[in-house]
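I opened my notebook to look up a few spots in this protein, one at a time. Here is what I wrote down as I went.

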Amino acid sequence: MAKVWLLNSNYISFLYSACRDQRSDTRSEGDKYGTPRAHDPHFRGPVVNRSCTDVLCCMIFMLFIMAYVLLGLAAWVNGDPRRVAYPTDSQGYFCGQKGTPNENKSILFYFNMLTCTSPSVVVNLQCPTTQICVSKCPERFLTFMEIQFKYKNDSEYWTYYSQFCRTTFLKPVETLSQVLLDNDCPSAIYPSKPFLQRCFPDFSTKNGTLTVGNKTVFDDGSGKTRNAAELRKAANGINKALDARAIGVKVFEDYATTWYWILIGLTIAMFLSWMFVMLLRFTAGLLFWIFTFGVIGIIAYGIWRCYLEYSRLEEQPGSHLNAYTIGIQTDISMYFRLKQTWFALMIILCLLELFIILMLIFLRTRIRISIALLKEGSKAIGYIPSTLIYPALTFFFLSVCISYWAVVALYLATSGAPIYKVIAPQGQCEHENKTCDPVGFNTTEIAKACPGAQCHFAFYGGKSLYHQYITTFQLLNLFVFLWLINFVIALGQCALAGAFASYYWALKKPDDIPPYPLFTAFGRAIRYHTGSLAFGSLILAVIQMFRLILEYLDKRLQKAQSNISKFLKCCLRCCFWCLEKAVKFLNRNAYVMMAIYGKNFCKSARDAFNLLMRNILKIAVMDRVTDFVLILGKILVAGCIGVLAFLLFTERLPVIIEGPTSLNYYWVPLLTVIVGSYIIAHGFFSVYAMCIETIFICFLEDLERNDGSAEKPYYMSQSLMKIMNRRNVETKKQ
């Protein structure tokens with residue numbers, strides 16, 4: 001990806017203009033981005049004597065954290081996660097909750113599933129029919145009209161039917177119209193099965209015909225004959241969930257069969273990542289070409305494999321269909337039986353192969369600098385091996401933040417008392433979605449104005465000040481979460497930058513490297529620069545919050561958008577994406593300057609921006625090429641493990657090793673291994689990326705500070721000096 005910040009350098013300069021020193025407008029063009037830093041004979045790397053920076057932002061950050069903790073306590077006091085675990089009936093009571101009348105009634109029963117096709121379902125996320133808690137689902141077809149005749153000969157019919165009524169009756173004395181008006185009993189019941197603690201129709205297929213309870217048609221209790229297809233339409237979303245459940249069971253079976261193979265694959269990926277990191281110290285050039293040709297070979301194997309599958313399906317019946325013809329299928333393997341799928345994959349892999357080859361051709365002159373930086377970075381990590389463990393600490397902090405955010409969001413969502421709203425089956429009532437009281441609702445003016453309208457439980461809320469601001473608290477929870485996530489990442493970048501800067505500015509490596517450089521840099525970042533790190537992460541959090549709000553509005557207003565609004569939406573998305581990428585890049589370099597000189601965020605960002613702009617040509621030969629090399633490493637690690645996993649899970653290695661057999665979906669453990677391997681490789685190589693970026697900033701500072709004389713020797717390695725045609729005086733004398 002091209003440098004977004006370079007394309008928007010004027011905008012970034014404006015964004016941080018408040019942080020830049022205002023100088024005379026008459027300065028020369030050479031001083032536009034500041035003057036090069038002068039030589040300091042006492043400078044020996046990261047400044048030790050420094051003071052706290054951006055104290056005001058630090059105080060604001062601490063206040064937000066305290067408010068976040070108080071918000072979590074308030075949510076914990078008022079929230080009740082059981083409201084998510086247990087289904088809720090129309091009166092707002094939990095099904096199956098211990099210590100309540102519904103303790104032995106753990107399943108939710110819908111009086112009339114056919115009303116679930118109402119438009120109000122989309123608006124209120126509630127099926128506009130009475131819902132009660134029952135101990136078991138119906139197992140037979142019965143209507144209220146039938147019960148009125150059958151109970152006279154056999155009371156067992158009414159005993160069975162009455163368990164699906166809201167109240168207990170000795171006998172069905174009410175008329176059908178009165179039952180429907182009072183919602184005391186369902187007009188009909190039909191065979192159902194419990195799923196997710198809810199009763200859903202027991203669908204099956206008989207001779208290619210959809211049936212419910214072995215019947216294709218049935219009486220809905222109001223004198224109308226319905227067929228199973230109508231009921232299926234009403235429960236369409238539920239049946240998709242049922243299909244998903246079946247897939248979930250099969251996926252779980254595959255994981256249960258292959259979990260140890262997955263762990264072995266991830267362990268091998270960790271070993272490969274560590275081995276590549278260590279080998280880069282000695283054979284960066286060789287490994288670069290191994291990375292390159294390895295990725296090219298893996299993609300070539302993929303192209304060859306796709307071609308073989310395409311050729312094999314040439315004469316298979318049904319393989320000429322396309323994805324549009326078969327529609328959306330829950331069985332993913334259906335798509336891999338089509339020629340079109342393998343042809344599309346082959347085209348994609350061919351384009352990717354061509355892109356990589358062209359990149360290598362046009363960037364061949366920049367590879368030497370990338371290899372030199374990789375060697376230097378590998379040496380730095382070799383001297384400071386603790387940096388490879390730091391991603392685990394970052395992962396731990398991120399896990400804590402994510403867990404706290406999820407728990408607070410859950411408790412906030414379940415805060416308050418039951419709120420009831422008017423729901424009309426036909427979706428045509430002026431009082432629809434208004435708050436109501438279920439007690440005596442049928443005698444109110446709303447029930448008279450809207451025949452068939454019902455007062456159902458909608459959500460949990462309240463009229464207190466706390467409940468009125470639940471939405472605001474959710475937004476605050478999300479914002480502080482983004483702020484903390486960015487702060488944790490910024491802390492890691494600043495700590496790693498301080499450690500690697502200590503390595504670079506050691507004249508005699510490794511003798512002059514201070515002890516425990518990573519621990520020292522981490523403590524220095526926490527003690528002196530918490531406010532500055534919070535400042536930089538705050539900027540990113542605000543941008544990300546705007547992006548999320550934009551995505552939310554897009555989802556909510558998707559059907560009401562015109563072509564102009566869609567165009568503006570795409571423009572805003574692009575602008576915020578570019579802005580986020582640009583700020584992330586500038587923040588990283590600001591943290592490097594902060595770790596070295598101990599200045600506040602604004603001054604560090606200004607110095608980093610000026611330094612990079614003064615050396616714009618040098619940046620062009622380094623940055624993205626190095627990222628390209630690291631990405632190749634990630635792809636190679638994930639690709640090697642992916643190929644081995646593919647051969648193992650598809651039983652193509654029976655001679656070497658016997659893998660798992662009888663898998664439902666071999667791609668489930670395969671994708672798990674590939675994604676997990678890529679994440680592990682990303683953790684190792686992210687340390688490398690920060691190392692190289694730090695060394696590059698120090699390298700530019702070194703070029704400006706020093707000239708290679710005895711008084712101003714270069715701190716860079718011999719390989720970098722050779723590439724840049726620079727030498728120290730001592731080197732010349734030798």
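Before anything else, I noted that buried means under 20% relative accessible area, exposed means over 50%, and partly exposed lies in between. I also reminded myself that this is a predicted model.

**Entry 1: helix α3.** I looked up residues 55-78, which form helix α3. Which residues of α3 are buried? I found Cys57, Phe61, Tyr68, Leu71, Gly72 and Ala75. I then checked the span of α3: its 24 residues reach 35 Å from the first C-alpha to the last, close to the expected 34 Å.

**Entry 2: helix α17.** Is α17 mostly covered or mostly uncovered? It is mostly covered, with 27 of its 35 residues buried.

**Entry 3: strands β1 and β2.** I moved on to strand β1 (residues 107-110) and found 4 bridges joining it to β2, with the two running antiparallel. For leucine 108, I wrote down cysteine 133 as the bridge partner in β2.

**Entry 4: serine 532.** I found serine 532 in helix α19, which covers residues 530-556. Why does serine 532 count as buried? Its relative accessible area is 0%, so it falls in the buried class. Leaving aside neighbours within four places in sequence, I listed its contacts: Thr53, Asp54, Met594, Lys599, Asn600 and Phe601.

Entry 5: I picked one member, isoleucine 264, and placed it in helix α10 (residues 236-312). Its relative accessibility is 40%, so isoleucine 264 counts as partly exposed.

**Entry 6: aspartate 707.** My last stop was the loop between α24 (667-705) and α25 (718-723), where I found aspartate 707. At 45% relative accessibility, aspartate 707 counts as partly exposed. Not counting residues up to four places away in sequence, I saw it touch Lys712 and Tyr714. I also noted arginine 726, 19 residues from aspartate 707 along the chain, with 8.4 Å separating their C-alpha atoms.

Conventions. Residues numbered from 1 in each chain as written. Predicted model: local features only at pLDDT ≥ 70, side-chain atom pairs only at ≥ 80, totals over all residues. Heavy atoms only, no water. Expected span 1.5 Å × (residues − 1). Buried < 20%, exposed > 50% of the residue type's maximum accessible area, 1.4 Å probe, protein only. Contact = heavy atoms within 4.5 Å. Pairing = 2+ DSSP bridges.
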